[in-house]
Amino acid sequence: MGTALRTPPAPQPELYRFSRLDFITVGLYVAVAGLFAVAGSLLEPLLLQISPNPAVASYAVNLIFYATVGALALTAARHVAVRDLRVLATRPWFTALMVPLTVVAMLILTAVLVALSGPVQTSANQAGLQALMQQVPVWLMVPLLVLVGPFVEEYIFRHLLIGKLSRRVNLWVCCIMSVVLFAALHIVGQEQMTLQVLMPYLAMGAVLVFVYVWTGKNVMFSYFVHASKNLLAVIFIYAIPPEVLEQLQQVQG
């Protein structure tokens with residue numbers, strides 16, 4: 001099934017050359033993410049100028065940041081995105097079947113690896129998202145967590161780190177970098193990088209890297225998998241009462 005997606009209609013090597021817009025987009029993403037990771041506590045008074053409610057202020061900043069980076073990423077990768085959507089359109093049954101199956105496989109792999117790594121630990125990133133989602137309605141969180149966020153991360157960690165960088169660096173080195181950096185991004189500056197905290201993100205990154213390479217570097221397929229996983233998480237968190245979530249976190253801790 002994967003071979004049907006591996007070969008684009010015609011060779012297009014120019015789609016995998018780094019552009020100036022790629023560097024601008026990544027530079028902005030790294031600069032802002034690094035700033036909040038290193039000096040997040042110092043920026044809190046500035047965030048509260050946006051809104052006295054920390055959750056609203058955090059949401060507003062994240063939305064502006066991801067909307068800006070997302071617009072740049074979409075502009076930079078528009079030709080690849082259109083090509084990959086056309087490839088997927090030739091096998092709609094493949095996408096409709098394999099996206100949910102991949103999400104299930106990701107959840108199973110994550111559960112197994114987390115169980116093997118030791119006691120479950122909730123990352124500060126996950127705890128922060130859960131706290132934010134308890135105060136922000138679902139119709140505001142979906143655009144951020146399901147539509148824009150996954151596209152930005154797939155563009156950077158799959159399309160750039162593997163699709164483009166692999167023209168100069170060994171493919172498997174790029175894949176390892178993609179998995180490790182993707183996991184590290186979600187916890188850097190928030191807690192120690194313990195194996196228990198990293199494992200869910202390592203498992204998710206590994207599956208996304210696998211499907212990206214398996215489908216012939218189809219970034220839209222990995223995006224659909226990533227977005228579906230996030231949508232499932234959003235539904236799960238909003239469907240469970242906050243007091244139950246707190247009890248679950250206490251049990252995990």
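## Close-up views of a predicted all-helix chain

**Figure 1. Packing of helix 7 against helix 8.** Helix 7 (residues 138-164) packs on helix 8 (residues 171-185) at an angle of about 155°, and the two axes lie 8 Å apart. Helix 7 is therefore roughly antiparallel to helix 8; angles under 35 degrees count as roughly parallel, over 145 as roughly antiparallel, 65 to 115 as roughly perpendicular and the rest as oblique. Axes are lines fitted to C-alpha atoms, for helices over the stretch in contact, and angles run from 0 to 180 degrees between N-to-C directions. The crossing of helix 7 and helix 8 is right-handed; a crossing is left-handed if the near helix is turned anticlockwise from the far one by less than a right angle, and right-handed if clockwise. Helix 7 contributes Glu-153, Phe-157, Arg-158, Leu-161 and Ile-162 to the contact, and helix 8 contributes Leu-171, Cys-174, Cys-175, Met-177, Ser-178, Leu-181, Phe-182 and Leu-185 (contact means heavy atoms within 4.5 Å). These residues of helix 7 and helix 8 divide into ten nonpolar, one polar and two charged. Ala, Val, Leu, Ile, Met, Phe, Trp, Tyr, Cys and Pro count as nonpolar, Asp, Glu, Lys and Arg as charged, and the others, Gly among them, as polar.

The model is predicted: local features need pLDDT of at least 70 and side-chain atom pairs count only at pLDDT 80 or more, whereas totals for chains, interfaces and linings use all residues. Residues are numbered from 1 along each chain as its sequence is written, and side-chain values use heavy atoms, with hydrogens and water left out.

**Figure 2. The whole chain.** The chain holds eleven helices and zero strands, where helices (H or I, at least four residues) and strands (E, at least two) are DSSP runs, numbered from the N terminus. Along the sequence, the pattern is α-α-α-α-α-α-α-α-α-α-α. Of the 253 residues in the chain, 42% are buried; buried means under 20% relative accessible area, exposed over 50%, partly exposed in between (1.4 Å probe, protein chains only). Among the contacts in the chain with a separation of 6 or more, 81% are between residues 24 or more positions apart.

**Figure 3. Cys-174 and Cys-175.** Both cysteines belong to the contact of helix 8 with helix 7. A search of the whole structure finds zero disulfides, a disulfide being a pair of cysteine sulfur atoms within 2.5 Å. The cysteine sulfur closest to that of Cys-174 is in Cys-175, at 6.9 Å, which is too far for a bond. Cys-175 likewise is in no disulfide. Cys-174 is buried, with a relative accessible area of 0%, and Cys-175 is buried at 6%.

Figure 4. His-159 lies in helix 7 and is buried, with a relative accessible area of 1%. Leaving aside neighbours within four places in sequence, His-159 is in contact with Leu-15, Tyr-16, Ala-77, Val-80, Glu-154, Lys-164, Tyr-212 and Val-219.

**Figure 5. Packing of helix 3 against helix 7.** Helix 3 (residues 54-76) meets helix 7 at an angle of about 45°, with their axes 9 Å apart. The two helices are therefore oblique to each other, and their crossing is left-handed. On helix 3, the contact is made by Tyr-59, Asn-62, Leu-63, Tyr-66, Ala-67, Val-69, Gly-70, Ala-73, Leu-74 and Ala-76; on helix 7, by Leu-140, Met-141, Leu-144, Val-148, Gly-149, Phe-151, Val-152, Glu-153 and Tyr-155. By class, the contact of helix 3 with helix 7 has 15 nonpolar, three polar and one charged residues.

**Figure 6. Packing of helix 9 against helix 10.** Helix 9 (residues 195-214) and helix 10 (residues 219-239) pack at about 150°, and their axes are 8 Å apart. These helices are therefore roughly antiparallel to each other, and helix 9 passes helix 10 in a right-handed crossing. The contact involves Met-204, Leu-208, Val-211 and Tyr-212 of helix 9 together with Val-219, Phe-221, Ser-222, Val-225, His-226, Lys-229 and Asn-230 of helix 10. Seven nonpolar, three polar and one charged residues make up this contact.

Figure 7. Phe-210 lies in helix 9 and is exposed, with a relative accessible area of 52%. From C-alpha to C-alpha, Phe-210 and Val-179 are 10.0 Å apart in space, and they are 31 residues apart in sequence. Lys-217 lies in the loop between helix 9 and helix 10 and counts as partly exposed, at 24% relative accessibility. Lys-217 has a positive phi of about 60° although it is not a glycine. Most residues other than glycine have a negative phi.
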